[in-house]
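This report describes how one protein chain is folded.

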Amino acid sequence: MEIIKKFEPLFGEWYVEDIIGAGSFGRVYKIYREELGNRFYSALKYISLPADSNETKQLRADGMDEQSISAYYFTMARDISSETTLMNKLRGNTNIVSFEDSKVVPKPNGIGYDIFIRMELLDSLTNRMVEKTLSINEVAKLGIDICTALMLCAKYGIIHRDIKPDNIFISPNGDYKLGDFGIARQLEKTATFMSKKGTYNYMAPEVYKGEKYGATCDLYSLGLVMYRLLNKGRLPFLPEAPNPITANDREEALKRRFTGEKLPAPCNADEELSAIVLKACAYDPKDRFASAEAMRTALLHYGSGEYSDMSGAIMVTDSTEGTEDGPTEYGSTESVLTDGSTVDAEEDGETLGVLGGIPPVANKAFEQPVQPSEPSVKAQLPQKPAAASFTETPKKENVEDNEFIPEKKEEKKTGLFIGLASAMMD
């Protein structure tokens with residue numbers, strides 16, 4: 001922590017207490033400030049551009065001089081700054097991780113920047129999955145909450161494109177929140193030679209293949225997260241738990257998914273919930289839910305016991321589309337449509353207003369056990385967010401994602417910070 005300590009006090013009043021985790025693109029720290037004897041906590045993402053001297057060596061090998069390299073990192077820092085501006089617009093929503101503050105500091109040698117982003121301190125879904133198995137009602141609630149977040153994203157023309165357990169967080173009162181609106185994607189551009197290993201586990205086929213994609217790629221990723229939670233922690237086509245997983249197993253599973261092989265139903269979901277999850281994970285985007293609102297409605301109907309095949313009943317159109325390098329990803333308050341025209345994002349008040357008309361979560365007793373051998377679990381989706389209910393099972397032997405997994409400490413459990421740029425580990 002020697003490097004981060006030299007910047008204290010951060011934002012004029014914050015001090016580092018501990019490191020939470022580290023990934024390819026930065027480190028996450030638990031920070032605090034004191035006031036009248038009380039200690040307040042936040043999470044801090046620290047990003048160094050360049051991350052190390054190897055990056056600049058690579059750029060020089062590409063024929064860039066010092067001035068070009070400096071301009072290169074200036075562009076990257078500016079893009080990240082625009083991401084934090086967008087995150088600030090999304091603040092105040094229950095299902096979006098709260099952005100608190102940010103600062104960009106030029107490096108003394110004139111090449112690169114130190115970037116600090118302060119967020120609310122939360123527990124990550126990845127950490128929760130290691131500790132406990134989510135009950136069926138919690139998986140359904142997760143789907144509803146993240147769909148609510150994606151509905152807000154749709155109002156701004158944002159395609160998240162990186163939904164995975166590392167980027168889903170849990171508040172103390174049980175709300176699921178979506179984090180990371182493009183920082184990791186921007187950072188991947190700082191060094192194209194860096195490994196992207198682990199980024200494909202929740203990626204939609206059309207994104208992987210570099211084809212034109214729209215907002216339904218986020219629904220596909222959300223569907224895969226729910227699939228794994230309902231399938232004893234295993235993604236499609238992997239060996240059944242508790243059998244071990246090899247590197248070849250992962251490669252074969254990805255190949256089968258990206259070539260369009262039909263996904264088997266998750267083992268711990270009933271027929272109705274399986275239908276929702278498999279529809280979200282349809283290989284052809286046209287076969288998925290038309291929008292986050294449509295998927296959310298299906299989950300609400302399921303929660304109320306009224307679910308049937310919603311494919312014909314719900315046809316909410318979503319015109320937000322983009323390409324692999326298209327500007328309709330996160331990071332801009334201006335949406336670029338398929339015809340090349342642009343439309344400005346709506347004002348904050350109008351955008352947040354979309355959530356006011358959403359009906360409360362319907363009640364239903366989810367009686368299916370998380371594991372076949374467990375007794376029935378009777379729990380309801382509350383009309384208002386309530387403390388998360390989890391069914392404890394022994395800790396899993398492994399977490400199959402080859403992605404950023406925050407460090408854990410036995411002597412004290414710190415909430416895991418948003419994976420705002422939770423990058424994938426090699």
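**Overall fold**

The structure is a predicted model. Its protein chain contains twelve helices and 14 strands. Of the 426 residues in the chain, 52% count as buried. How much of the contact within the chain joins residues 24 or more positions apart? Among contacts with a separation of 6 or more, such residues account for 68%.

In soluble globular proteins, nonpolar side chains tend to be buried together. In this model the largest nonpolar core has 62 residues, and L125, L142 and M295 have the most contacts inside it. Helix 5, which covers residues 136-155, gives the most to this core, with eleven residues. Beyond its neighbours up to four places away in sequence, M295 touches C147, L219, L222, M226, A280 and F289. A second, separate core has 18 residues, including L49, L59, Y73 and A77.

**Packing of helices**

| Helix pair | Angle between axes | Distance between axes |
|---|---|---|
| Helix 2 and helix 3 | about 125° | 10 Å |
| Helix 10 and helix 11 | roughly 175° | within 10 Å |
| Helix 5 and helix 11 | roughly 150° | within 8 Å |

Helix 2 (residues 53-61) and helix 3 (residues 66-90) pack at an angle of about 125°. That angle makes helix 2 oblique to helix 3. The crossing of these two helices is right-handed. On the side of helix 2, the contact is made by E55, T56, L59 and R60, and on the side of helix 3 by E66, I69, Y72 and Y73. By class, the residues of this contact are four nonpolar, one polar and three charged.

Helix 11 (residues 292-303) takes part in the other two pairs, with helix 10 and with helix 5. The axes of helix 10 (residues 271-280) and helix 11 cross at roughly 175°. Angles over 145 degrees count as roughly antiparallel, and helix 10 and helix 11 are therefore roughly antiparallel to each other. E272, L273, I276 and A280 of helix 10 meet M295, A298, L299 and Y302 of helix 11. This contact has seven nonpolar residues, no polar residues and one charged residue.

The axes of helix 5 and helix 11 cross at roughly 150°. Helix 5 is thus also described as roughly antiparallel to helix 11, and their crossing is left-handed. In helix 5 the contact involves I136, A140, G143, I144, C147, T148, L150 and M151, while in helix 11 it involves A292, E293, M295, R296, L299, L300 and Y302. These residues divide into eleven nonpolar, two polar and two charged.

**Individual buried residues**

T56 lies in helix 2. Is T56 buried or exposed? T56 has a relative accessible area of 10% and is therefore buried, since buried means under 20%. Apart from residues up to four places away in sequence, T56 touches P50, I69, Y73 and I111.

T84 belongs to helix 3 and counts as buried, at 7% relative accessibility. With neighbours within four places in sequence left aside, T84 is in contact with F99, S102 and I117. T84 and E100 are 16 residues apart along the chain, and their C-alpha atoms are separated by 9.5 Å.

P165 is located in the loop between helix 5 and strand 8. It is buried, with a relative accessible area of 1%. The C-alpha atoms of P165 and L229 are 9.9 Å apart, although the two residues are 64 positions apart in sequence.

**Backbone features**

Most residues other than glycine have a negative phi, and most peptide bonds are trans. Which peptide bond has an omega near 0°? The bond from L49 to P50 does, and it is cis. P50 lies in the loop between strand 3 and helix 2. The bond from A241 to P242 is also cis, with omega near 5°. P242 is in the loop between helix 8 and helix 9.

That loop also contains K232 and F237. K232 is not a glycine but has a positive phi of about 55°, and F237 has a positive phi near 75°. K232 is partly exposed, with a relative accessible area of 33%, whereas F237 is buried at 15%.

Terms used: Residues are numbered from 1 along each chain as its sequence is written. This is a predicted model: local features need pLDDT of at least 70, side-chain atom pairs count only at pLDDT 80 or more; totals for chains, interfaces and linings use all residues. Side-chain values use heavy atoms; hydrogens and water are left out. Axes are lines fitted to C-alpha atoms, for helices over the stretch in contact, and angles run from 0 to 180 degrees between N-to-C directions. Helices (H or I, at least four residues) and strands (E, at least two) are DSSP runs, numbered from the N terminus. Angles under 35 degrees count as roughly parallel, over 145 as roughly antiparallel, 65 to 115 as roughly perpendicular and the rest as oblique. A crossing is left-handed if the near helix is turned anticlockwise from the far one by less than a right angle, and right-handed if clockwise. Contact means heavy atoms within 4.5 Å. Ala, Val, Leu, Ile, Met, Phe, Trp, Tyr, Cys and Pro count as nonpolar, Asp, Glu, Lys and Arg as charged, and the others, Gly among them, as polar. A nonpolar core is a set of buried Ala, Val, Leu, Ile, Met, Phe, Trp, Tyr and Cys residues joined through side-chain atoms within 4.5 Å. Buried means under 20% relative accessible area, exposed over 50%, partly exposed in between (1.4 Å probe, protein chains only).
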